[in-house]
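Hi there,

I'm passing a structure on to you, with some notes on what turned up in it. Have a look first, and then read on.

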Amino acid sequence: MGDTESERKDRADDEDRPEDGVTDSRPECHRRSCTERATFVVLERYQEETGHGAVEAEAVLCQAHANEESPTNLDASYPDYVFRVEPLEGTQDTDTA
Ligand SMILES: [Zn+2]
């Protein structure tokens with residue numbers, strides 16, 4: 001019943017600190033059957049059809065699929081509509097694309 005050991009949180013969230021040789025903390029492409037590493041995040045913000053407010057759809061994609069992305073909810077656009085493709089942080093290493 002010794003619960004008083006001082007456990008240090010050695011494994012905190014290591015998602016944003018790349019370990020040497022270990023890269024499995026990086027997300028995979030959101031597309032089904034695509035196992036490429038996601039290097040972009042695609043965000044689309046549009047107005048919900050029901051008028052209940054804005055919806056943000058976000059997906060991380062590999063470069064090829066991010067390249068294919070296009071706005072899909074323009075019919076639900078509104079003054080704050082957003083379609084954005086941004087590079088994921090922490091993926092700018094010397095990986096051969
Ligand atoms: Zn992909």
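Tyr-46 has Val-55 as its bridge partner in strand 2. Strands here are DSSP runs of E with at least two residues, helices are DSSP runs of H or I with at least four, and both are numbered from the N terminus. This is a predicted model, in which local features need pLDDT of at least 70 and side-chain atom pairs count only at pLDDT 80 or more, while totals for chains, interfaces and linings use all residues. Residue numbers start from 1 along each chain, as its sequence is written.

Back to strand 1, which covers 40–47. Strand 1 runs antiparallel to strand 2 (residues 54–61), and 8 bridges join them; two strands pair if DSSP finds at least two bridges between them. Another position to look at is Gln-47, which stands opposite Ala-54 in strand 2. The two strands form a hairpin with 6 residues between them, and Gly-51 in the turn has a positive phi of about 75°.

Strand 1 also pairs with strand 3 (residues 82–87), again in the antiparallel sense, over 6 bridges. There, Glu-44 has Phe-83 as its bridge partner.

What about the two faces of strand 1? Phe-40, Val-42, Glu-44 and Tyr-46 make up the covered face, while Val-41, Leu-43, Arg-45 and Gln-47 are on the uncovered one.

Two residues of the covered face, Phe-40 and Val-42, also belong to the largest nonpolar core. Strand 1 and strand 2 each supply at least two of its residues. A nonpolar core is a set of buried Ala, Val, Leu, Ile, Met, Phe, Trp, Tyr and Cys residues joined through C-beta atoms within 7 Å. Buried means that 20 or more other C-beta atoms lie within 10 Å of a residue's own, exposed means 12 or fewer, and partly exposed is in between, with C-beta atoms placed from the backbone.

Leaving aside residues up to four places away in sequence, Val-42 touches Ala-59, Leu-61, Ala-66, Glu-69 and Val-85; contact means C-beta atoms, placed from the backbone, within 7 Å.

Ser-33, in the segment before strand 1, counts as exposed because it has 5 C-beta neighbours inside 10 Å. Its phi is near 60°, a positive value in a residue other than glycine.

As for the whole chain, its 1 helix and 3 strands follow the pattern β-β-α-β along the sequence. Buried residues make up 11% of its 97 residues.

Enjoy exploring!

Terms used:
Contact = placed C-beta atoms within 7 Å.
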